[in-house]
Amino acid sequence: KILTQNILRHYVFKANFKAAGNYQAENYSGKLSLFRAENGFFKEHDEPDLGWKKLAIDVDVFNVPGDHYTMLKMQELSEILNNLIKNNAEFAGENK
């Protein structure tokens with residue numbers, strides 16, 4: 001079972017890598033929420049927003065415990081959702 005999960009992760013990773021290489025990002029004029037894994041792939045990246053401010057005017061960065069895969073486990077997901085709800089409530093209040 002573990003071998004099957006690892007093989008599946010490998011194929012998903014390859015598909016995501018290929019899709020990311022083909023993706024052409026465009027400018028975004030809205031508010032962007034970036035949930036960044038504290039133990040992510042881009043720890044060495046100089047910019048906390050991973051370069052998203054080049055495409056979006058308003059970027060909020062939320063550091064989430066775990067890595068790219070574990071950040072969607074229940075405890076970390078709860079933190080993401082709480083931040084997202086808070087962020088959206090603040091955004092809704094700004095746009096009344």
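User: What rules apply to the numbering and to the values?

Analyst: Residues are numbered from 1 along each chain as its sequence is written, and side-chain values use heavy atoms, with hydrogens and water left out. In this predicted model, local features need pLDDT of at least 70 and side-chain atom pairs count only at pLDDT 80 or more, while totals for chains, interfaces and linings use all residues.

User: Why is the contact of D60 and K31 called a salt bridge?

Analyst: The term requires a side-chain nitrogen of Lys or Arg within 4 Å of a carboxyl oxygen of Asp or Glu. The N to O distance between the side chains of K31 and D60 is 3.4 Å, so the pair meets the rule. D60 lies in strand β2 (residues 56–64) and K31 in strand β1 (residues 28–37), and the two are 29 residues apart. Strands here are DSSP runs of E with at least two residues, and helices are runs of H or I with at least four, numbered from the N terminus.

User: What makes K31 buried and D60 partly exposed?

Analyst: Buried means under 20% relative accessible area, exposed means over 50%, and partly exposed lies in between (1.4 Å probe, protein chains only). K31 has 18% and is therefore buried, whereas D60 has 22% and is therefore partly exposed.

User: How many salt bridges are counted by this rule, and which residue forms one with E47?

Analyst: The count is two. E47 pairs with K54, their closest N and O atoms being 3.8 Å apart. E47 is partly exposed at 29%, and K54 is exposed at 62%.

User: How do you know that R36 has no salt bridge?

Analyst: R36, in strand β1, is buried, and the nearest side chain of opposite charge, D49, is 6.9 Å away. A polar atom of the R36 side chain does lie 3.3 Å from the backbone oxygen of E47.

User: Why is the pair F13 and F17 called stacked?

Analyst: Rings of Phe, Tyr and Trp (its six-membered ring) pair if their centres lie within 6.5 Å; planes under 30 degrees apart count as stacked, over 60 as edge-to-face and the rest as tilted. The search of the whole structure finds two aromatic pairs. In F13 and F17 the centres are 6.2 Å apart and the planes stand at 25 degrees, so the pair is stacked. Both residues lie in helix α1 (residues 2–22), four residues apart, about one turn of the helix. F13 is partly exposed at 39%, and F17 is exposed at 63%. F35 and F62 also form a stacked pair, with 5.1 Å centre to centre and 15 degrees between the planes. F35 lies in strand β1 and F62 in strand β2, so this pair ties together parts that are 27 residues apart in sequence.

User: Are F35 and F62 buried or exposed?

Analyst: F35 is buried at 19%, and F62 is buried at 16%.

Methods
Lys and Arg count as positive and Asp and Glu as negative; His and the chain ends are not counted. A polar contact is a pair of N or O atoms within 3.5 Å; within protein, one must be able to donate a hydrogen and the other to accept it, and residues adjacent in sequence count only if both atoms are side-chain atoms.
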